[in-house]
Structures are given as structure tokens and as C-alpha cells.
Amino acid sequence: MSTGHGSGGFAARVQAHFDAVAARVLSDLVAGEELTINVTAEETLFVRFNSNRVRQNTDVEQINVSLCLQSNGRTVEKSRTMSGDLESDQAALTRLLASCRDEALSLPLDPDQVPVVNNGVSIEEFSGALLAPEDVVPSVVASATGCDLAGLYAGGVSIRGNRNSKGQSHWFATETFVLDYSIYNGPKAAKGCYAGSTWNASEWATNLERTKTLLALQSLPQQDVKPGSYRTYLAPRAFSDLLGMLNWNALSAAAWKQGRSPFKKLAEHETTLSPLLTIEENFSVGLTPRFNSLGEVSETHLPLISGGVLKNLLVSSRTAKEYAMVANGACAEESPRAMDVSAGTLDEKDVLAALGTGLYLSNLHYLNWSDPVSARVTGMTRYACFWVENGVIAGPIKDLRWDESLYGALGSKLMALTSHTEIDPAVDTYYRRSLGGSRTPGALIEGFTFTL
Amino acid sequence: MFNNAIPHELALQHALKSALWAGLRFSSETTTQRAVRNDKPERNESSLEEGVMCEVLVDGHFGHAATADLSLAGLQRAFDRAVATTRATSGHKVHAFSATQRPPANGKYTSARQRNLDATSVAEITDCLLVASKAMNVSDKLVNRSASAMIVQTQINFFSSNGSETRQSFDLVDITLSATAAEGLESQTRSWQHTGQFGGESFDRDTFAQQGERVAQQALALLAAENCPSARMDLLLMPDQMMLQIHESIGHPLELDRILGDERNYAGWSFVKKEDFGHLKYGSALMNVSFDPTKSNEFASYDFDDGGNPATKEILIKNGVLQRGLGSLESQARSGLPGVANFRSASWNRAPIDRMGNINLEPGTSSLDELIGEVGHGVLMHTNRSWSIDDYRNKFQFGCEYAQMIENGALGQVVRNPNYRGVTVDFWGRLAGVGHTDSTFGTSYCGKGEPSQVIRVGHASPPCLFRDVEVFGGQA
């Protein structure tokens with residue numbers, strides 16, 4: 001096992017480096033200027049698997065610092081990779097600040113500029129006990145011997161930090177791993193994910209066994225399901241996939257004001273969703289920092305939808321300034337960062353009986369708005385999906401395309417939510433490892449529409 | 001931009017103490033994003049992503065370590081990390097590679113451009129964006145009038161222990177104008193994009209004004225239009241939707257790493273099998289598709305891929321029959337199939353994988369008027385709005401921004417929320433007409449890989465006519 005939080009660890013090195021370069025660049029400011037500084041950094045080992053063997057391994061160390069300068073009513077943001085060498089990075093940020101200054105002279109006034117204020121000081125650090133790099137592959141493949149396993153192990157330290165010229169200071173460092181994987185029997189597949197801060201061999205073996213059970217069910221006779229409307233159970237991961245569409249403008253105050261929100265009817269109280277549905281931002285789960293890029297700290301709990309009624313859209317400070325609204329700590333994109341969906345009452349052991357005859361979907365794939373005004377979404381079924389008859393799994397299905405309005409699926413068609421929930425950690429690795437995730441129950445939906 | 005002081009030779013010598021082969025890819029990319037919305041500045045940002053990917057071949061396995069520390073000591077540390085991890089994982093490698101997959105290459109590439117982007121001022125770009133935003137202000141119903149420009153300048157230099165030295169310099173522009181018209185609970189958006197390897201010539205005030213007014217007027221027309229009808233009918237796709245159709249239903253399924261199963265846990269597998277090459281009838285005889293990194297101004301034009309493989313135009317589908325896949329030298333070695341030079345990485349901190357590049361549908365013989373004239377009852381669709389396809393690249397559903405009905409060979413009323421769906425090989429079999437003039441589009445955001453990477457791809461296509469397709473509109 002290894003840890004990144006020792007005195008020589010990556011997090012400690014980056015923190016000291018960021019302290020020094022931030023202090024230097026803040027000291028370069030002149031009258032009339034305000035500055036917000038953000039750092040993102042990671043030390044990650046990525047190992048990609050195919051056929052339970054290694055396709056590629058990549059070590060990545062990266063530190064990126066951004067400067068957002070406010071000067072005479074103008075706003076300019078610039079960022080760059082840091083080398084890790086203090087002298088050259090301090091000089092690079094001095095040049096970057098000068099470049100911001102020069103550019104501000106050419107820009108029009110920014111009437112929606114958010115004043116820089118001090119939102120306080122916070123430090124959150126989470127140590128882990130990860131596998132040593134040389135132990136990752138043997139530890140993964142040993143339990144999976146005989147499996148056709150594909151996927152990605154990503155493990156290491158992830159960092160977010162923030163400072164500003166008013167004295168604000170935030171720091172978040174966490175040491176975690178994610179093994180996002182799937183196993184195959186020819187074209188039949190089942191999906192799993194093992195994530196945490198301490199690798200535990202028996203937990204990994206148990207996780208894999210659960211996925212093997214799903215794969216084994218696909219040896220039952222394949223079922224031919226025609227397009228149509230069916231009662232459908234979305235297991236927690238599938239329901240998380242569906243609710244992921246709320247990240248695409250649905251809960252954004254700016255999108256609502258700018259005619260781009262699929263939840264316009266909900267925002268304007270022309271309709272409601274199911275009284276079973278309650279969604280909040282819940283930062284107590286601890287997957288992601290509470291501060292945003294301005295250093296604003298969200299409430300630990302922010303209700304979004306309560307009993308089917310919209311309680312809050314996500315409002316960034318910039319949107320609040322433009323539209324005279326009240327900001328609530330949202331990030332600039334105004335998408336949920338720590339979505340938590342309240343559990344229902346349907347016990348896991350009763351799911352198949354409650355479903356009766358219909359479809360059991362473990363995962364969804366490639367979702368997109370098909371008609372934004374009516375909040376209609378299309379997507380595919382993926383991995384372990386089954387036809388269920390009279391409460392018994394009859395067999396796997398061929399992948400189906402579906403097309404359904406969220407006003408229906410989360411509204412009058414929502415029959416029940418399960419009493420058990422699962423955390424779906426963010427596994428995205430575009431540019432860098434993502435933080436965050438969501439917690440969702442499973443959902444039983446009447447008349448879900450399949451089209452192809 | 002490129003720091004010639006990087007001690008690549010000494011670093012490679014250090015790596016060769018432990019590796020059979022070593023490569024060093026320096027990448028420096030400056031991305032500037034400017035946006036104006038409703039005549040006000042929305043975004044003025046730039047980023048510099050700069051670093052080196054150190055690559056080693058140890059015990060028949062390629063492994064990687066990325067660092068932004070460009071000193072000799074920093075590069076040596078990265079090579080040491082790459083060697084240690086690769087040695088630890090090579091016992092479980094998926095294939096035994098050799099230096100044959102990294103042929104020595106030498107050369108330089110520079111994007112075609114008329115005017116250097118560095119000579120285009122901040123004020124000039126901002127002015128164009130403001131001109132467009134103001135030109136969209138033709139009605140109070142235009143609630144969102146946005147204009148944005150992303151300017152990317154990239155330098156990629158590749159050195160290897162077997163003598164490669166390539167230096168490639170790219171200037172890229174991605175401009176979007178977007179107008180949203182809203183009334184009551186209804187809203188409609190119309191947009192225009194200009195993407196590719198261009199220089200400062202892209203910032204022409206008149207073009208921004210003309211395109212701004214056009215998309216605003218068309219957004220208003222959509223707001224007043226009826227929903228697209230739901231029925232089977234002929235479908236004429238314009239090049240700015242063909243790009244998506246090509247991308248999703250030809251480009252991705254032909255990637256050899258997908259066919260080999262590398263992507264199964266993320267983007268997905270492919271309905272195409274290794275034995276299909278040379279045999280599979282992918283579409284009608286009118287269908288000719290190429291991988292073309294040589295097309296001037298297209299987004300993914302280059303002379304060498306990130307493994308040093310020289311890039312040449314190759315035919316993927318000829319007269320409707322599948323010929324060749326999109327696979328790098330590594331995928332070619334694993335599959336035994338011919339491929340292309342498409343081993344590409346998104347940045348300094350990602351290892352190369354099989355990517356699409358420029359995938360183009362070759363022009364046919366018909367004018368647009370002739371294609372319209374061949375339709376008794378159908379619909380013409382412009383500009384992708386929604387996209388979704390299954391993980392084997394079979395069942396797709398795509399939506400467009402703007403459509404016009406075609407009746408008895410003539411364009412008719414505008415309809416909104418146009419969508420269509422189909423299954424890949426069946427759909428391409430319905431190809432009944434190909435225009436003689438192509439247009440080039442592209443996207444900066446093709447996502448794939450574990451760890452994930454977004455990369456730029458280009459697609460050139462003429463308008464194409466498909467017979468008897470399932471078309472549908474939005475909810476009433």
C-alpha cells in the first residue's frame with residue numbers, strides 16, 4: 001500500500017508550491033485589480049485492461065493554475081500548466097498576470113462581473129491506502145482470472161485549491177481509486193465499479209462476484225422484445241444515468257432565463273414531478289469540495305426538488321448578478337455536483353415482484369435530449385438488461401432504444417423508488433480525474449417507451 | 001512556442017538504459033475562448049497545456065509517463081516512472097509489440113492558413129463577435145444571442161530513439177453563432193459553425209453579420225413552425241448533419257481498437273467484425289468513404305500520427321463495400337488488418353489511441369436541386385441538434401435544428417424538432433443520391449478512451465438523399 005499524504009507526498013508538495021506561487025502573484029497586483037486563483041492537480045496511475053490483460057499504462061503528474069483578473073471592470077481568465085519548479089513557475093505566473101492585464105485593456109466592460117469577496121478559509125484532506133503501482137495489475141487480475149474483463153483502474157491523489165486577493169483560501173485533497181470495469185461472455189456483458197480510498201482484496205472479490213452473477217443470468221434464453229411501452233425497473237446505476245440528464249441545463253438558472261432549459265415548465269410551476277421524487281445537493285457525502293471556482297461555499301444541503309416540486313434551480317453568482325436572483329453556491333456550469341436522491345420504500349427483494357412483467361435495466365447508454373422543450377430524452381439499454389415475466393427473470397434482451405419525457409418518467413409514470421441507494425462515483429477522466437458523483441435509489445416506472 | 005532547449009537526446013539516452021525503444025512527445029497547446037452574449041462579454045479565457053509524454057518499450061510492452069517538468073532531471077524521472085510501471089505490467093500485456101510499431105519519421109507540418117492567428121487582435125475578434133450578437137437582435141423573441149470563438153494553436157514535436165524527429169504546427173478555429181427564440185413555453189435554437197485549420201481570415205465582420213442575422217431569422221421561423229410530421233419518408237441530409245451521420249455510424253464502428261475490444265467498457269464495441277473487411281456491404285453503391293488527413297483546412301489534417309506513422313489518404317468504403325479500418329500500427333499488428341495513420345492523443349498527458357481523423361464521404365454527381373427534385377414526399381434537415389447511438393453502433397437516433405418539407409420535388413414549409421432513427425447498415429443501404437459538392441465541418445469534442453480524451457475530427461460531405469426513413473417530430 002502507498003499513501004500520497006506523507007511529508008514527501010504529492011499533496012504536500014503541491015500545497016507548498018501553490019502557497020508560494022499564489023503569494024507571489026498576489027503580491028504583483030496593483031491598485032484597481034482583484035485576482036482569483038485556482039489550482040487543480042493530480043498524481044494518477046491509469047491502467048487500461050482488455051481481456052483481463054493490460055492494454056496501456058500511463059502515469060500522469062499534472063498541476064494547473066488559473067488566474068482570473070478583474071481590472072477596471074473587465075474580466076480575463078488565463079491558465080497554464082505548472083512545471084513544479086518554483087522559480088520558473090513564479091516567473092510564468094508573473095508573465096501570465098501581465099498578459100491578463102494587457103488583454104483587459106482591449107475588452108469591453110463586463111457588466112455582470114461578480115465582485116471578489118472573502119468567502120472564508122477551508123481545508124479538507126482525505127488520505128487513502130492505495131495499491132503500490134507495481135501491485136495494481138496483479139491485484140486486479142488475480143480475482144478476475146478466467147474473466148474477459150475490460151476497464152480502467154485510476155488511482156492517486158486529486159487536488160483542488162483556491163485563493164483570492166481578499167484573503168480567501170480553500171484546499172481539498174483526496175486520495176482515491178476507481179476500478180470501472182465490465183466482464184463479458186461473448187457479446188453478453190455486465191458492468192461493475194469498485195471505488196474507494198482503501199483497496200481491499202476481499203471487497204474487490206465480492207464486487208466482482210456480484211457482477212459475475214449478473215453475467216451468468218445472461219445465459220438464460222434471449223428474449224425478443226418489440227418496441228412498445230413497458231413497465232420498467234431502472235436499477236440505481238441506470239436511474240443515475242437517467243438523472244444525469246439534469247446536468248444538461250435542466251437545473252441551470254441561466255439556461256432557464258435564456259430559453260435553453262428542458263425544465264422550463266417545472267421552473268415556471270406549470271407542472272410538477274412525482275411526489276415520490278426528492279433531490280438535493282448533499283455535500284456531506286464528501287466526494288467533492290463544497291467550494292466552487294470563485295471560492296463560494298455551498299450549503300451542505302441544498303434542496304432542488306422536494307416531493308416533485310422544484311425548490312431551487314442552481315444559481316451561480318454571475319447569473320444572480322445578471323438576472324437579479326440569489327446565488328446558491330453553484331458552479332459556473334450550474335449543474336449538480338453532489339446529487340442525492342432520497343430513497344423510497346420499495347425493498348430490493350421485492351423489486352421483481354413489483355415489476356411483475358416488464359424490463360429490468362442495469363445500465364443506460366448515450367443519453368441525449370431528443371425534444372428539449374418537452375424534456376424528452378433518448379438513449380439505449382446497455383449491459384445486463386432482462387425481460388421479467390410474473391416476477392421472474394426470463395432472460396436477457398437485445399439492446400433497445402428508448403425515448404421518454406422526464407416529465408413522464410419522473411412524474412406520473414414513476415411508481416416507486418427503492419429503499420436502497422447506491423453511490424455512483426464520477427468516473428470521467430477527460431483532462432483529469434473527475435471528483436463527485438451521485439447517490440440514487442432504483443426506480444420503477446410505468447409505460448417506459450421503447451422505440452427501436 | 002516550442003522550447004528548443006528541451007534535452008530530448010539526453011533524456012532518450014537515459015531511457016535506453018532500461019528500455020528497448022523510447023519516444024518523447026512534446027505538446028504545447030494554447031486555447032483561447034472568447035464569447036459574447038446579448039451584446040455583452042461572456043467569456044475571455046485562455047489556457048496553456050504544455051508537457052511531455054515519455055514512452056518506453058519494455059519487455060514487448062509500450063508504457064507511458066507524462067510530466068510538465070521539462071528539465072533533463074524531470075524527463076529522466078518520468079522515463080524512470082514509465083520503465084518501472086511498464087516492467088511491472090508487461091507480464092500481463094495484451095500483445096507483444098516491437099519497435100516496428102514506431103517507424104522512424106522525419107518531417108514538418110504547418111496548417112494551411114491565409115493569415116497568422118497571432119496577428120489577429122483581441123479587439124478584432126471581440127468586434128466580430130459583437131457584430132454577430134447585434135445582427136441577431138431582430139426581435140424581442142430572441143432571448144439568447146451568443147457568439148463564441150475558440151482559437152487553438154498547437155505544437156507537437158516527436159523524437160524517438162530510432163531517429164524520429166517530426167515537428168507539426170496547427171492553427172485551428174472553431175466559431176459558433178447561436179440564436180434562441182422563445183415565446184411562452186416554446187423555444188427554438190438555430191446556429192452556425194465554422195471549424196477547421198484556419199487563420200485570422202476566419203474573422204470577417206461581414207460573414208459574422210450575415211450569418212448572425214440568418215440564424216436569428218431562422219430561429220424565429222422555427223418558433224412559428226409546426227412540428228415535423230411523424231412518418232416514413234425520404235430524407236435529404238445537408239452536410240452539417242451528414243458530418244454527424246458519418247461520425248457516429250461510419251467513423252466509430254470502423255475503429256480497430258473498438259473492434260479489438262479496447263473500448264468495450266466505455267464508448268463500446270462495434271458491429272463490424274475483423275472478417276467483414278473486404279466483404280461487408282455497408283451501404284449502396286453510391287457510398288464511397290475516405291480517411292483523408294491531406295485535405296486542406298479540415299480539422300484533423302496532419303502529416304504524421306503520434307506514433308510517427310506518415311499520414312496518407314486511404315479508402316475505407318468503396319462502392320458500398322467495406323475495405324479498411326481505422327487502426328494504428330499497434331492495432332494493425334494485433335488484428336492483422338490494414339489500417340491508417342490515426343494513432344493520436346488529445347494532449348501531452350494522454351497516450352495515443354485509434355482516433356478518427358478526417359472521415360469524408362466522397363462527392364457524387366447530383367446537384368442539390370436535382371436531389372430535391374427526386375423527392376416526392378420527404379424532408380430536408382440541417383445541422384445536428386441531438387445524437388445517440390448504441391454501443392455497437394447500430395441503432396441510432398439523431399435530431400436536427402431546422403428542416404423543410406419537400407413535396408413533389410420542391411422545398412416547402414419549415415418544420416421544427418425534426419428527428420430520424422434507423423439502423424446503420426440498413427440506413428446506408430437507402431442512400432439514393434449524393435451531391436457533387438461537399439462542405440467541410442468538424443468537432444473539437446469527439447470523446448473516447450480510458451483515460452478519456454476529446455479530440456478534433458473533420459468530416460466533409462455533400463448533401464445525401466436516403467429513401468424511406470423513419471422521421472418524427474417533437475411532442476405537440
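1. Chain A of this predicted model has 10 helices and 18 strands; helices (H or I, at least four residues) and strands (E, at least two) are DSSP runs, numbered from the N terminus. Its radius of gyration, taken over C-alpha atoms, is 24 Å, close to the 22 Å of the globule rule for 452 residues, so chain A is as compact as a globular protein of that length. The rule is 2.2 Å times the number of residues to the power 0.38.

2. The C-alpha trace of chain A spans about 75 × 55 × 35 Å along its principal axes. Of the 452 residues in chain A, 54% are buried (20 or more other C-beta atoms within 10 Å of the residue's own, with C-beta atoms placed from the backbone).

3. Contacts are pairs of residues whose C-beta atoms, placed from the backbone, lie within 7 Å. Among those in chain A between residues at least 6 apart in sequence, 71% join residues at least 24 apart.

4. In chain B, the axes of helix α3 (residues 122–135) and helix α4 (residues 205–224) come within 7 Å and cross at roughly 25°. Axes are lines fitted to C-alpha atoms over the stretch in contact, and angles run from 0 to 180 degrees between N-to-C directions. The crossing makes α3(B) roughly parallel to α4(B) (angles under 35 degrees).

5. Residues of α3(B) that meet α4(B) include Asp127(B), Cys128(B) and Val131(B); on the α4(B) side, Arg205(B), Phe208(B) and Ala209(B) are among the partners.

6. Residues are numbered from 1 along each chain as its sequence is written, and chains are lettered from A and ligands numbered from 1 in the order in which they are written. Local features need pLDDT of at least 70 and side-chain atom pairs count only at pLDDT 80 or more, while totals for chains, interfaces and linings use all residues.

Note on methods. A residue is buried if 20 or more other C-beta atoms lie within 10 Å of its own, exposed if 12 or fewer, and partly exposed in between; C-beta atoms are placed from the backbone. Two residues are in contact if their C-beta atoms, placed from the backbone, lie within 7 Å. Angles under 35 degrees count as roughly parallel, over 145 as roughly antiparallel, 65 to 115 as roughly perpendicular and the rest as oblique.
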